[in-house]
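Reader: I have a chain on my screen and a few questions about its fold. Can we go through it briskly?

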Amino acid sequence: MDNMNQIHNAQNEVKALFGRKLKAALSAKSWNQSDLAKATGLGRDSISTYVRGLTMPDPKNLKKLAEALEV
């Protein structure tokens, strides 16, 4: 059970780190979440969950984010 907690904690850390990096990339472009949603075709609610570190985008959406943010 301890290993499962460690895995869960590591996954949460990765999501939180991704959210911080996404927020920084938005700031670097002077964009808000709505701007990113429009540029990628993703929902603003999805963008919000990524920024807050609650979820990670799937590979297809990750590519859309990277292209829109030029990272």
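This is a predicted model: local features need pLDDT of at least 70, side-chain atom pairs count only at pLDDT 80 or more; totals for chains, interfaces and linings use all residues.

Author: Residues are numbered from 1 along each chain as its sequence is written, and side-chain values use heavy atoms, with hydrogens and water left out.

Reader: How many helices and strands does the chain have, and in what order do the elements run?

Author: Helices (H or I, at least four residues) and strands (E, at least two) are DSSP runs, numbered from the N terminus. The chain holds 4 helices and 0 strands. From the N terminus on, the order is α-α-α-α.

Reader: What box do the C-alpha atoms fill?

Author: The box is taken along the principal axes. Its size is roughly 40 × 20 × 20 Å.

Reader: What share of the residues counts as buried?

Author: Buried means under 20% relative accessible area, exposed over 50%, and partly exposed in between (1.4 Å probe, protein chains only). The chain has 71 residues. The buried share is 28%.

Reader: Among contacts between residues at least 6 apart in sequence, what share joins residues at least 24 apart?

Author: Contact means heavy atoms within 4.5 Å. Of the contacts between residues at least 6 apart, those that join residues at least 24 apart make up 57%.

Reader: Which residues of α4 are buried, and why do they lie on the same side?

Author: Helix α4 spans residues 59-69. Its buried residues are Asn61, Leu65, Ala68 and Leu69. In general, an α-helix has 3.6 residues a turn, so residues three or four places apart point the same way.

Reader: Which exposed residues sit on the face turned away, and what do the buried ones pack against?

Author: The face of α4 turned away from its buried side carries Pro59, Lys60, Lys63 and Glu67. The buried residues pack against α1, α2 (33-40) and α3 (44-51).

Reader: Which residues of α3 are buried, and what covers them?

Author: The buried residues of α3 are Ile47, Ser48, Thr49, Tyr50 and Val51. Their cover includes α1, α2 and α4.

Reader: Is Ile47 buried or exposed, and which residues does Ile47 touch?

Author: Ile47 is found in helix α3. Its relative accessibility is 0%, so Ile47 counts as buried. Its C-alpha lies 7.6 Å from that of Leu36, 11 residues apart in sequence. Leaving out residues up to four places away in sequence, Ile47 touches Gln33, Leu36, Ala37, Thr40, Leu42 and Leu65.

Reader: Which backbone oxygen does the side chain of Thr40 reach?

Author: Thr40 is found in helix α2 and counts as buried because its relative accessibility is 10%. Not counting residues up to four places away in sequence, Thr40 touches Ile47, Lys64, Leu65 and Ala68. At 2.9 Å, its side chain reaches the backbone oxygen of Leu36.

Reader: How many residues apart in sequence are Gln11 and Thr55, and what separates them in space?

Author: Gln11 lies in helix α1 (residues 2-28). With a relative accessible area of 45%, Gln11 is partly exposed. Gln11 and Thr55 are 44 residues apart in sequence; C-alpha to C-alpha, they are apart by 9.7 Å.

Reader: Which residues does Lys15 touch?

Author: Lys15 lies in helix α1. Setting aside residues up to four places away in sequence, Lys15 touches Tyr50, Gly53, Leu54, Thr55 and Met56.

Reader: Where is Ser30, and what is its phi?

Author: Ser30 is found in the loop between α1 and α2. At 66% relative accessibility, Ser30 counts as exposed. Ser30 is not a glycine, yet its phi is positive, at about 55°.

Reader: Is Glu70 buried or exposed, and what is its phi?

Author: Glu70 is in the segment after α4. Its relative accessibility is 67%, so Glu70 counts as exposed. Glu70 is not a glycine, but has a positive phi of about 55°.

Reader: Which residue just after α3 takes a positive phi?

Author: The phi is about 75°. The residue is Gly53.

Key: A polar contact is a pair of N or O atoms within 3.5 Å; within protein, one must be able to donate a hydrogen and the other to accept it, and residues adjacent in sequence count only if both atoms are side-chain atoms.
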